[in-house]
Amino acid sequence: MRLVEEKINGFTLLSIEEERIDAHNSEELKLTILHLIEDGEINIIVQLKNVRFIDGSGLGALLSGHKNASSKSGKIILITIQPQVFSMFELTRLDRVFEIYANLDEAINCQLERLI
Amino acid sequence: MSQSTIQIDVLIPTQTKYLDLIGHIGERVAKVLDHYQGDRDALAYHLNLVLTEATTYAIKQSHATENTNAIENNVRILIKIEADSVNIKVYDHGIGVNLNTETLQQTELDHTKENNIGLFFIKKLMDSATYTQLDDGNVLEIIKYL
C-alpha cells in the first residue's frame, strides 16, 4: 500500500495514495497507524483524497486507529473524503465517531483554535 | 424492450488480490442495466462493495478450513442480471460457522466490533441476504431488486 507520512504542526499527516482500500491492503493501513501510535504519534490526520473506494475492512482499520489513539488521549482526523466514500461513513454512522474536515487547512486551524 | 438475462460466472483463487477484479465487475454490471432509473453511480459503488465483502468472507472461510482439493481453494461468484433484480451467489468451501441469520439481520452497526462492518453493508444495501450450507460448502445469496 502506498502511504506517505509527513509532520505538520505537531500532527502526522498520513496520505493514502491508493484508489481502493479493501481486505487486500487494509491490514497494512491498520498496522501502520498502530505503529505510529506506539511510537508516540497519537495525533494523526489521514488524507483520503485519492481513495475512491473503501470497504468494511478499511473502515475497520480507521476505527481501530481511532480506538488506539483515543486510549492514549490522541485522535485520528480524516480529511478530503470523496463523496461516495463519505456516504459509507454516513451509512455506518462513523461520521459521528471521527473528526472530519474538508481539507488540511481547516483541520489544522480547528485544532489550533482549540488550543487558544 | 425488457432487459435480457445476463449471467456472469467467475472462479477466482482464494486470494484478496482478486477483490479489485470482482469489485469492478460489480461496477460494470450497474452500467449495463437497461432500464435502471435510480442513481447508477451509487448502485455501481454498492455492487462493488457487496461483491467485495461477500468474496472477502468466502476467502476467509476457505482459509479457516484446511482444503487439499484444488477446486476448494477457489471461490465461485455467480451474478445473474434480470429485468427486475441482480442476484449474486458466492460459494465458499469453509465450515460456515461464523455467519448466521442473526448476523445478516443486523440493522444497526456495533462500533465496538470492527469485523462486522462488511456484513452490515450487505444487509443494509441489498434487499435480501441468506447463507445456506450445501453438501460441499456454503452459499451466500444476495438479491438487489431494481
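Me: How many residue pairs are in polar contact between chain B and chain A?
Reply: Eight residue pairs are counted, both residues of each at pLDDT 80 or more. The model is a predicted one.

Me: Which elements supply the side of chain B that touches chain A?
Reply: Helix H1 (19-32), helix H2 (40-63) and helix H4 (117-125) of chain B each give at least two residues. The largest share, nine residues, belongs to H2(B).

Me: Why is the pair Asp20(B) and Arg20(A) called a salt bridge?
Reply: The N to O distance between the two side chains is 3.8 Å. The rule asks for a side-chain nitrogen of Lys or Arg within 4 Å of a carboxyl oxygen of Asp or Glu, so the pair qualifies.

Me: What makes up the contact between the chains, in residues and in area?
Reply: On chain B 26 residues are in contact with 23 residues of chain A. The buried area is about 1,900 Å², and carbon and sulfur atoms give 62% of this area.

Me: Why is strand S5 of chain B described as mostly covered?
Reply: A residue is buried when its relative accessible area is under 20%. In S5(B), residues 137-145, seven of the nine residues are buried, so the description follows from the count.

Me: How do you know that S5(B) pairs with S3(B) and with S4(B)?
Reply: Pairing requires at least two bridges. Eight bridges join S3(B), residues 85-92, to S5(B), and seven join S4(B), residues 128-134, to S5(B); both pairings therefore meet the requirement. Each is antiparallel. Val86(B) has Lys144(B) as its bridge partner, while Gln133(B) stands opposite Asn138(B). S4(B) and S5(B) also form a hairpin, with two residues between them.

Me: What makes S4 and S6 of chain A partners?
Reply: Five bridges link S4(A), residues 43-47, with S6(A), residues 75-79, in the parallel sense. Asn43(A) stands opposite Lys75(A).

Me: Why do S1 and S7 of chain A stand at the edges of their sheet?
Reply: The open sheet of five strands has the order S1-S2-S4-S6-S7 in chain A, with mixed pairing. S1 (3-8) and S7 (99-101) each have a single partner strand, so one side of each lacks a neighbour in the sheet. Neighbouring strands are turned by 25° against each other on average, direction ignored.

Me: Which strands of this sheet does helix H1 of chain A lie across?
Reply: H1(A), residues 26-38, lies across S1, S2, S4 and S6 of chain A, running at about 170° to S2(A).

Methods. Residues numbered from 1 in each chain as written. Chains lettered and ligands numbered in written order. Predicted model: local features only at pLDDT ≥ 70, side-chain atom pairs only at ≥ 80, totals over all residues. Heavy atoms only, no water. Helix = DSSP H or I, 4+ residues; strand = E, 2+ residues; numbered from the N terminus. Axes fitted to C-alpha atoms, helices over the stretch in contact; angles between N-to-C directions. Contact = heavy atoms within 4.5 Å. Buried < 20%, exposed > 50% of the residue type's maximum accessible area, 1.4 Å probe, protein only. Buried area = accessible area lost by both parts, 1.4 Å probe. Polar contact = N/O pair within 3.5 Å; in protein donor to acceptor, adjacent residues only side chain to side chain.
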